[in-house]
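The sequence and the structure are shown first.

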Amino acid sequence: MSQITEIAANKSFGGWHKRFKHYSSTLSCEMIFAVYLPPQAETQKVPVLWWLSGLTCTDENFMQKAGAQRIAAELGIAIICPDTSPRGLDLPGEHDSYDFGSGAGFYVNATQAPWKTNYQMYDYVTQELPALVMANLPLKGRESISGHSMGGHGALVLALRQPDRYASVSAFAPITNPCNCPWGEKAFSGYLGTQRGTWAQYDACKLISTRQSRQELFVDQGEADSFIAEQLKPEQLLAVCKEVGHPLIYRSHAGYDHSYFFIASFIEEHLRYHATHLFSS
């Protein structure tokens, strides 16, 4: 297992926001991730909330904009923010658009060249990085997961595919049906190929329809989100959950858009929701 190297540390609400780098054998490149360790982590192991960010983001966006540290410190929850794609590769076309390649890994394991050697983000966020942080940080192994937009897609997919792993799952403005939206179609065809049958394993609506998970989903969506109709398609999530009776808490918020102003407005409620599950027996 690779070593982690601390590259930054900032005291925050009695705890520490830290950034680490390490070499990822899964992605075959050096990666950076961020951790907020609450003050309780000084004396005991704490549970963790994974946060998966959206298109164009790095590990820094959520930590700097969401305002989550105060409540995480109160609750005694660590937050871990991975990056959103491999870095430093300069593959052909990797940096040509904001919605594919750099900053847009979509939390899938790519099967198509030239992406398949490095773009194994599903395995990175479910296997390599969790093993690394559990071995090096004061974490007790109890996990929840959340995310925004592309990261909301990732959080839902990871939880639905591993129904016994995460104590709870939530999402802000997730891409709910990527098999049927421009962002998802572009990413999936590039990373996974044109055989659409292989895409379903990374589509929340498709996974819910299989009835393999009964875990409750908690989703917040802003009604003024400019991506809601074309890219996010919450009506598809609502329809499939109703069809199969999947537990869903869905909240629609008038006036809120797709930005971190929206996330910051409701992150406390999400953290308290996760705490009730992380600390339950």
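Two strands are taken to pair if DSSP finds at least two bridges between them; strands themselves (E, at least two residues) and helices (H or I, at least four) are DSSP runs numbered from the N terminus. The model is a predicted one, in which local features need pLDDT of at least 70 and side-chain atom pairs count only at pLDDT 80 or more, while totals for chains, interfaces and linings use all residues. Residues are numbered from 1 along each chain as its sequence is written, and side-chain values use heavy atoms, with hydrogens and water left out.

Nine strands form an open sheet with mixed pairing, in the order 1-2-3-5-4-6-7-8-9. Strand 1 (5–12) and strand 9 (248–253) stand at the edges; each has a single partner strand, so one side of each is left without a neighbour in the sheet. With direction ignored, neighbouring strands are turned by 20° against each other on average. Strands of a sheet pair through backbone hydrogen bonds, either parallel or antiparallel.

| Strands | Sense | Bridges |
|---|---|---|
| Strand 1 and strand 2 (15–24) | antiparallel | seven |
| Strand 2 and strand 3 | antiparallel | nine |
| Strand 3 and strand 5 | antiparallel | three |
| Strand 4 and strand 5 | parallel | three |

Ser12 stands opposite Gly15 of strand 2, and Lys18 has Val35 in strand 3 as its bridge partner. Ala34 is bridged to Cys81 in strand 5, whereas Val48 stands opposite Ala78 of strand 5. The hairpin of strand 2 and strand 3 has four residues between the strands, and there Ser28 takes a positive phi near 55°.

Burial is judged by relative accessible area: under 20% is buried, over 50% exposed, and in between partly exposed (1.4 Å probe, protein chains only). Strand 3 is largely enclosed by the rest of the structure, because seven of its nine residues are buried. In a regular strand the side chains alternate between the two faces of the sheet. In strand 5, Ala78 and Ile80 point one way and Ile79 and Cys81 the other way, and all are buried.

Contact here means heavy atoms within 4.5 Å. Axes are lines fitted to C-alpha atoms, for helices over the stretch in contact, and angles run from 0 to 180 degrees between N-to-C directions. Helix 3 packs on the sheet, where it touches strand 2, strand 3 (29–37), strand 4 (46–52), strand 5, strand 6 (139–147) and strand 7 (166–172); its direction makes about 120° with that of strand 2. Helix 4 (residues 150–161) lies across strand 4, strand 6, strand 7 and strand 8 (217–222), and runs at about 155° to strand 7.

## Nonpolar core and aromatic contacts

A nonpolar core is a set of buried Ala, Val, Leu, Ile, Met, Phe, Trp, Tyr and Cys residues joined through side-chain atoms within 4.5 Å. The largest one has 93 residues, of which Phe62, Ile79, Phe106 and Tyr191 touch the most other members. Helix 9 (residues 260–278) supplies the largest share of this core, eight residues. Leaving aside neighbours within four places in sequence, the contacts of Tyr191 include Phe100, Phe106, Trp115 and Tyr119.

Rings of Phe, Tyr and Trp (its six-membered ring) pair if their centres lie within 6.5 Å; planes under 30 degrees apart count as stacked, over 60 as edge-to-face and the rest as tilted. By this rule there are 18 aromatic pairs. One of them, Phe100 with Trp115, is edge-to-face, at 4.9 Å centre to centre and 85° between the planes. Both residues lie in the loop between strand 5 (78–81) and helix 3 (121–136), 15 residues apart. Phe100 counts as buried at 10% relative accessibility, and Trp115 is buried with a relative accessible area of 6%.

Phe262 and Phe266 also form an edge-to-face pair, at 5.8 Å centre to centre and 70° between the planes. These two are four residues apart in helix 9, and are therefore separated by about one helical turn. Phe262 is buried at 0% relative accessible area, and Phe266 at 10%. One aromatic cluster consists of Trp51, Phe62, Phe172, Tyr256, Phe262 and Phe266.

A charge sits over a ring if NZ of Lys or CZ of Arg is within 6 Å of the ring centre and within 35 degrees of the ring normal. Lys18 lies over the face of Trp16, at 5.9 Å from the ring centre, and the charged end of Arg161 sits over the ring of Tyr122, 4.2 Å from its centre.
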